[in-house]
Amino acid sequence: MEGITKSQIMDADGIRRAITRIAHEIVEKNKGTENVVLIGIRRRGVPLAERIQKRIEEFEDVKVPLGILDITLYRDDLTTIDVQPVVHESQVPFSVQGKTVILVDDVLYTGRTARAALDATMDLGRPEKIQLAVLVDRGHRELPIRADYVGKNLPTSSREIVSVCLQEIDEEEQVLLQERPKE
């Protein structure tokens with residue numbers, strides 16, 4: 001859903017700095033990288049998880065395992081998305097058993113995507129703990145879910161849309177605050 005752009009919240013440098021900060025916070029909070037795995041929530045969570053993995057590797061000299069999670073079938077709004085929703089394969093080539101799983105997504109809003117990702121992760125095994133990293137937390141939670149790592153807190157109104165554009169998917173790099181079009 002596209003809206004009318006009100007302002008640019010983050011540019012490429014702002015996104016890079018946020019990813020670097022999140023990567024450092026993950027290592028600090030978990031006292032290193034032992035037993036830490038990253039799982040990007042499909043779509044924009046995947047390139048963000050890849051970037052976090054790369055930053056951690058640059059300063060810790062450790063390549064943290066990375067997986068890709070498709071939560072389509074775990075969504076509570078599945079019937080409202082499409083008659084035949086497109087399901088992609090999750091690719092988690094490691095066991096989550098006893099691991100610290102860092103779920104990575106672009107925007108935390110109602111908490112429903114994070115809840116679906118929690119369910120999907122638990123179906124993979126029993127991690128020791130699950131943490132959530134997001135580029136933007138915009139508020140308006142409908143479920144008692146919070147992010148452990150946040151690139152930017154951005155209070156918004158329900159009429160606003162936060163659009164994360166990443167080079168790997170959108171061929172541009174920015175976070176925009178947009179106004180929802182009037183019906």
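A charge counts as sitting over a ring when NZ of Lys or CZ of Arg is within 6 Å of the ring centre and within 35 degrees of the ring normal. With that in hand, the charged end of R138 sits over the ring of Y109, and K29 lies over the face of Y149.

| Charged residue | Ring | Distance to ring centre |
|---|---|---|
| R138 | Y109 | 3.9 Å |
| K29 | Y149 | 5.5 Å |

A word on where this comes from: the model is predicted, local features need pLDDT of at least 70, side-chain atom pairs count only at pLDDT 80 or more, and totals for chains, interfaces and linings use all residues. Residues are numbered from 1 along each chain as its sequence is written, and side-chain values use heavy atoms, with hydrogens and water left out.

Now the sheets. Helices (H or I, at least four residues) and strands (E, at least two) are DSSP runs numbered from the N terminus, and two strands pair if DSSP finds at least two bridges between them. β2 and β3 pair over four bridges, and I39 has G67 in β3 as its bridge partner.

The other open sheet holds three antiparallel strands, ordered β1-β8-β7. Here β1 (4-10) and β7 (160-165) are at the edges with a single partner strand each, so one side of each has no neighbour in the sheet. β7 and β8 (residues 174-179) pair over six bridges, and E160 stands opposite E179 in β8.

Contact here means heavy atoms within 4.5 Å.

What about burial? Buried is under 20% relative accessible area, exposed is over 50%, and partly exposed is in between (1.4 Å probe, protein chains only). In helix α4 (residues 112-122), A114, A116, A117, A120 and T121 are buried. They cover an arc of only 160° around the axis, which puts them on the same side of α4; the arc is that of the directions from the helix axis to the C-beta atoms. Their cover includes β2, β3 (66-69), β4 (100-108) and β5 (129-137).

T33 is found in the loop between α1 and β2 (36-41). With a relative accessible area of 15%, T33 is buried. Leaving aside residues up to four places away in sequence, T33 touches V27, I56, E60, V62 and V64.
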